[in-house]
Amino acid sequence: MAEQCIFCDVSAGKLDSQLLYQDEEVVAFPDIRPIAPTHVLVVPKRHYATLADAAAAGDDRLLGRLLSVAATLAHQKLGEDAGFRVVINNGAAAGQTVHHLHIHLLSGRHFAWPPG
Ligand code: 5GP
Ligand code: ZN
């Protein structure tokens, strides 16, 4: 666990976040500043600062698991036919502000392409 990491604290149950999903490796909870009607963060309990760090560590199984949890949550929460988008910001230049790997699961409005 990294020191002073907000998502380590949430995934360890130290903060009063409403968990939408939890297993041995992954938690999911609503984003505190949602940018869409559905905005859920899917987060590994293990601390990797970035997607690139998890890939460099060879943790392919966990990366696959995160995507699988995101899709399953979307299905359960929104229904089979709903459109949704998953986003990972890797590094500050890409907009990453919390340096613990997370997937944004977004739905409920139109999303422009290409993204801004
Ligand atoms: P990033 O910009 O790193 O891709 O995304 C970080 C996200 O975490 C942002 O959308 C931000 O609103 C969210 N966030 C930051 N602090 C907290 C928090 O304490 N609780 C929750 N639920 N979300 C947070
Ligand atoms: Zn962390």
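This is a predicted model: local features need pLDDT of at least 70, side-chain atom pairs count only at pLDDT 80 or more; totals for chains, interfaces and linings use all residues.
## Basis

Local features need pLDDT of at least 70 and side-chain atom pairs count only at pLDDT 80 or more, while totals for chains, interfaces and linings use all residues. Residues are numbered from 1 along each chain as its sequence is written, and side-chain values use heavy atoms, without hydrogens or water.

## Nonpolar cores

A nonpolar core is a set of buried Ala, Val, Leu, Ile, Met, Phe, Trp, Tyr and Cys residues joined through side-chain atoms within 4.5 Å; buried means under 20% relative accessible area, and exposed over 50% (1.4 Å probe, protein chains only). The largest such core has 16 residues, and Val26, Val40, Val42, Leu66, Leu73 and Leu101 have the most contacts inside it. At least two residues each come from strand E2 (26-30), strand E3 (38-44), helix H3 (60-78) and strand E5 (103-107). Helices (H or I, at least four residues) and strands (E, at least two) are DSSP runs, numbered from the N terminus. H3 gives the most to this core, with seven residues.

Apart from this core lies another, of eight residues, including Val27, Phe29, Leu41 and Val43.

## Helix H3

The buried residues of H3 are Leu62, Leu63, Leu66, Val69, Ala70, Leu73 and Ala74. They line one face of the helix, because seen down its axis they fall within an arc of 130°, taken from the directions from the helix axis to the C-beta atoms. The face turned away from the buried side of H3 carries the exposed residues Asp60, Arg61 and Gln76.

Leaving aside neighbours within four places in sequence, Leu66 is in contact (heavy atoms within 4.5 Å) with Val26, Val42, Val43, Pro44, Leu101 and Ile103. Just after H3, Gly79 takes a positive phi of about 95°.

Definitions and conventions. Chains are lettered from A and ligands numbered from 1 in the order in which they are written.
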